[in-house]
Amino acid sequence: MPDGTKGMRLRDALDHIQRNHPLLAIGAVNALAAHVAAEAGFDALWVSGLEVSAASGLPDANVLGPRDLADVVASLGRVTDLPVIVDIDNAGGSVRTAERFAYDLLRTGAAAVCIEDSAYPKCNSFAAHRAQALADRDLLCEQVERVRKVVGDDLMVVARTEALIAGEDLDMAISRAEVYSAAGADAVLIHSKDATGAEARAIGQAWNHGVPLVSVPTAFPDLSASELGEAGFRLCIYANQLSRAALAGMRVAARQFQRGGSFRSTVAGSLAEVGDLMRVGEPEALSCV
């Protein structure tokens with residue numbers, strides 16, 4: 001592995017990928033998910049505000065603090081050295097809070113933070129019960145500049161615009177991304193909820209800057225990673241799929257138990273072995289069942 005901090009290594013990896021092979025990151029809310037991600041060959045991990053909030057029984061609405069996210073980063077580092085990108089939402093709508101998030105997360109082992117331009121308090125990008133609003137673009141510029149001043153190049157900074165989510169057009173989204181890039185962001189993420197993927201392709205075609213382009217294809221899962229790479233994206237973040245798979249799997253197991261009265265007789269084939277679970281935290285562990 002090359003010398004330098006995790007942030008520097010992630011930045012270098014983004015600069016040297018082939019066009020149709022973007023780096024692949026996946027959401028990991030705990031060490032168990034990180035273990036699975038490493039086994040599957042993902043390039044990086046994503047600590048999602050939605051996933052961490054949901055796992056704690058909290059709304060995805062700026063309720064999490066730096067320590068909540070830092071604890072997750074620390075747990076991931078116990079099972080893998082994959083670079084960790086942390087979603088800090090709008091960093092509480094404050095320059096000083098952004099500074100604290102970056103400072104604490106760097107020292108916990110994060111490789112990057114992602115800051116977005118949603119207005120405080122944020123709402124989830126796919127919420128139907130609330131509408132996304134944008135913060136003044138100068139605020140995100142100040143947050144990016146402050147983070148860069150505090151952590152230097154040791155922590156990569158991804159600037160995310162919610163312009164398209166908030167109903168603005170592509171020109172506005174590109175304009176905001178350009179300003180954030182000029183403020184010192186290492187990569188930009190122009191979020192889209194267009195299920196056809198056409199908007200994502202248009203983003204890739206419109207972006208003609210050297211700063212890497214990032215995609216979170218939650219809304220357009222039929223667009224493959226290689227297709228996104230061809231469109232111009234250097235990093236694809238699958239933000240919450242493992243948590244959604246775990247939630248669905250837990251429901252299946254619980255319902256089948258209620259019907260049959262026994263996990264052994266109803267879902268043995270769908271459950272991992274006990275020893276498999278033990279070995280996530282203790283690789284040499286053995287199980288008698």
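Me: Is Ala25 buried or exposed?
Reply: In this predicted model, Ala25 has a relative accessible area of 0% and is therefore buried, where buried means under 20% relative accessible area, exposed over 50% and partly exposed in between, with a 1.4 Å probe and protein chains only. Residues are numbered from 1 along each chain as its sequence is written.

Me: And where does Ala25 sit?
Reply: Ala25 belongs to strand S1, residues 23-27; helices (H or I, at least four residues) and strands (E, at least two) are DSSP runs, numbered from the N terminus.

Me: What does Ala25 touch?
Reply: Not counting residues up to four places away in sequence, Ala25 touches Phe42, Ala44, Leu45, Ile85, Leu235, Cys236, Ile237 and Tyr238, a contact being heavy atoms within 4.5 Å.

Me: How far apart are Ala25 and Leu286 in space?
Reply: From C-alpha to C-alpha they are 30 Å apart, while in sequence Ala25 and Leu286 are separated by 261 residues.

Me: OK, switching to Ser181: which helix is that in?
Reply: Ser181 lies in helix H7, residues 170-182, and because its relative accessibility is 18%, Ser181 counts as buried. Leaving aside neighbours within four places in sequence, Ser181 is in contact with Val188 and Val211.

Me: What about helix H5, which of its residues are buried?
Reply: The buried residues in H5 are Ala98, Glu99, Phe101, Ala102, Asp104, Leu105 and Leu106. What covers them includes helix H4 (66-77), strand S3 (84-87), strand S4 (112-116) and helix H6 (137-151).

Me: What span should H5 have?
Reply: Helix H5 covers residues 95-108, and at 1.5 Å a residue its 14 residues should span 20 Å, which agrees with its end C-alpha atoms being 20 Å apart; the expected span is 1.5 Å times one less than the number of residues.

Me: Zooming out, how many helices and strands does the protein chain have?
Reply: The protein chain has 12 helices and 8 strands. Its radius of gyration is 19 Å, close to the 19 Å that the globule rule gives for 289 residues, so the chain is as compact as a globular protein of that length; the radius is taken over C-alpha atoms, and the rule is 2.2 Å times the number of residues to the power 0.38.

Me: What share of the chain is buried?
Reply: Buried residues account for 47% of the 289 residues in the protein chain. As this is a predicted model, local features need pLDDT of at least 70 and side-chain atom pairs count only at pLDDT 80 or more, whereas totals for chains, interfaces and linings use all residues, and side-chain values use heavy atoms, with hydrogens and water left out.
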